[in-house]
Structure formats: structure tokens, C-alpha cells
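Student: I have a model open and would like to talk through a few of its local features. Could we go step by step?

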Amino acid sequence: MRVSVVIPAYDAETTVGAAISSALLQTYSDLEVVVVDDGSKDGTGAIAGSFPDPVRVVRQDNAGVAAARNRGVAEARGELIAFCDADDVLLPGHLEALVETLDRNGGIATSNCYWLFPGGIHPSRKRYKGRFPRPDAQRLAILEQNFVSTMSLFPTALAGEIGPFDEGLAVAEDWDFWLRAIYAGRRVSLQPRPLALYRWGSAGLAADAKRMDEHAAEVLRKALARDDLSAEERAYVKRRLDGPGPAEHGREGDEALRRGRYRDAAARYRAAAALAPSETRLVWKSRALRTAPWLAGPLLRSRQLRIEDATGFEEGHVR
């Protein structure tokens, strides 16, 4: 067996069936599906247990998403791990394209995807647009932001080499894991076609912006304790820990843009882009508003509101 699709699930009865079905409908067939029921109180376990082989359900007391990921990796029989969260959906060619990318480039293969909003998807709302960090720039880029999707493919043995997901992190556990993998010498390749749907919603831990920011700071504090940072990398982490991060600046920039405060939006995007120059969306917005925010601002605002209205986006979502 080549691939184990690991689905951590907690109180996900409304979505876990779709996630499992999407894994079973892959054009790549050398796989198993391991669902880790992390102490759900609803029908998650029963729904997952109704699927036949190659689906296996592992049950544990509620211990959080990092523990569920670790349990899934430990239970996996495949040589490669592919994660799919219980509220996400894989399109049929997702795994085949990821396996081809990994076989060609080695390391870790990460997948592009559409954001799945309550109102559906929009062709402009993809996880990756524009440049992807070059291999020689990925050490600094992974400190700037988590540019690796959870819907990635990597060798099962990797967790044994770099250590498991940090169960002390309620969120951002994947960022910490990918950071450690990159600093251990692994490099990430992008499968650029959006062949999955990554749900953007207000439910769950990832929607709590303040908590997400706190755990992001914890990831960076862990990184600062490493003894293999370059002088440039160490200086960057210290700068990040001294104030708001790019995600917070970006959210405030989006809110200022919604309210028509174009100079404020320009300043926030500029601060965000300075901290995360590998994030093309922030850099693009910063440049668009740089010279004449009162001119470009209304155009950007109109586009943003139009897309948010079409997709059912609500303020405060951070996933």
C-alpha cells in the first residue's frame, strides 16, 4: 500500500462522510483511509464506521488535532501520508497529482485548492496564486508564514525523523511540523492545480483569530530556541515577536478596506507585506494601494465585497 489518507475528526458528523467519500473516489487507488475519531460526541464515529474497506476507524479520547494526526500517522500502513481534514473535500485527481509531484521532486508535495465558503467557491479564491517559495528560500519563507497546506503528501517516516506534531499546540500544529521538516532539509514542491476544497468557516479552532495569533507566536518562540538559525533568520523571528504578525495586519487591512478607510488599509497591507514578502496576496494589495490609495482603494473594495457577497464570506474568518 502506497498512501494512507489520514482524516482527523471531532464532532464532524455533517462533513466527515463527504471527506471520506472524496478519498474513496480518487483516481489513484493504492490507498487506505484512516479516520481518527478524536472523542466525538456526535455521530462522527458511526458515520465513518459505516464505510467498508479500505476505510479504518481509530477511536481515542478527545486529545486535540495534533494528537489525532499523530495517531493517524502511527496507525498508517502506507509509505506516504496524505492529510484530509474532516470538513474538506478532495477532488478525484488530487492524490494522483500529488504522488506524481512527490515522485518527481521528492521531499514534501503540497496541493493547491479552492477555498470552500458557505456560498460555494470562487475561481479567484485559491490557496496558492503567483509565486511559490523557491527551495533555497524556504527556510526564511516558513518563518514568515505557513506556506504548506495541510493537504500535503509526505513520507510516513518523516514523523520519526523530526518528531510528531506538537500536542501542546491547539492550532498551528501543522506550521510547526512543516517548519521542522524544512529545517531538517526537506523541501516542498507545489502541485499547482486546485484539486481540493479547503473549507473556510466560522466553526472550529481555526476561526478564533486571537487564539490563532497566540499559537503562531508560540511556533515562532519554538523556532527562536533552535540552534541552527542563521543571523538573518534569528533577527527576523525576533522582529516578528515584537509586534503584530502579517496575518493580523492583513485582517485589519481587509477590514479597513471594507469600511472605505483606504489610507489605513494601505498602511496595514504595507506592514503585512514587509513581514511576509513571500505572501503574494499581501504584496499585491500593498503595491496596488501604495501611491494613490484613494484611487485604487474603491476598485479593490468593490471587488472584495463582490466576491465576499458571492461566497457568503463573513468577517473574522481566518482559516
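Tutor: Happy to! A residue is called buried under 20% relative accessible area, exposed over 50%, and partly exposed in between. Keep in mind that this is a predicted model.

Student: Is Arg131 buried or exposed?
Tutor: Arg131 sits in the loop between strand 6 (108-116) and helix 5 (138-144). Its relative accessibility is 59%, so Arg131 counts as exposed.

Student: Which residues form a positive surface patch?
Tutor: Start from Arg131, with its 59% relative accessibility. The positive surface patch is formed by Arg131, Arg270, Arg287 and Arg290.

Student: Where is Asp11, and how exposed is Asp11?
Tutor: Look in the loop between strand 1 and helix 1 (16-24). Asp11 has a positive phi of about 45 degrees, although it is not a glycine. Most residues other than glycine have a negative phi. Asp11 counts as partly exposed because its relative accessible area is 34%.

Student: And Ala172, is it buried or exposed?
Tutor: Ala172 lies in the loop between helix 6 and helix 7. Its phi is positive too, near 65 degrees. With 6% relative accessibility, Ala172 counts as buried.

Student: What is the omega of the peptide bond from Asp53 to Pro54?
Tutor: Pro54 is found in the loop between helix 2 (44-49) and strand 3. Most peptide bonds are trans. The bond from Asp53 to Pro54 is cis, with omega near 15 degrees.

Notes
Residues are numbered from 1 along each chain as its sequence is written. This is a predicted model: local features need pLDDT of at least 70, side-chain atom pairs count only at pLDDT 80 or more; totals for chains, interfaces and linings use all residues. Side-chain values use heavy atoms; hydrogens and water are left out. Patches are made of residues with over 30% relative accessible area and no salt bridge: like charges are joined within 9 Å, nonpolar side chains (Val, Leu, Ile, Met, Phe, Trp, Tyr) within 5 Å. Accessible areas come from the Shrake-Rupley method with a 1.4 Å probe; for residues, only the protein chains shown count as cover. A salt bridge is a side-chain nitrogen of Lys or Arg within 4 Å of a carboxyl oxygen of Asp or Glu. Lys and Arg count as positive and Asp and Glu as negative; His and the chain ends are not counted. The place of a charge is taken as NZ of Lys, CZ of Arg, CG of Asp or CD of Glu. Helices (H or I, at least four residues) and strands (E, at least two) are DSSP runs, numbered from the N terminus. Buried means under 20% relative accessible area, exposed over 50%, partly exposed in between (1.4 Å probe, protein chains only).
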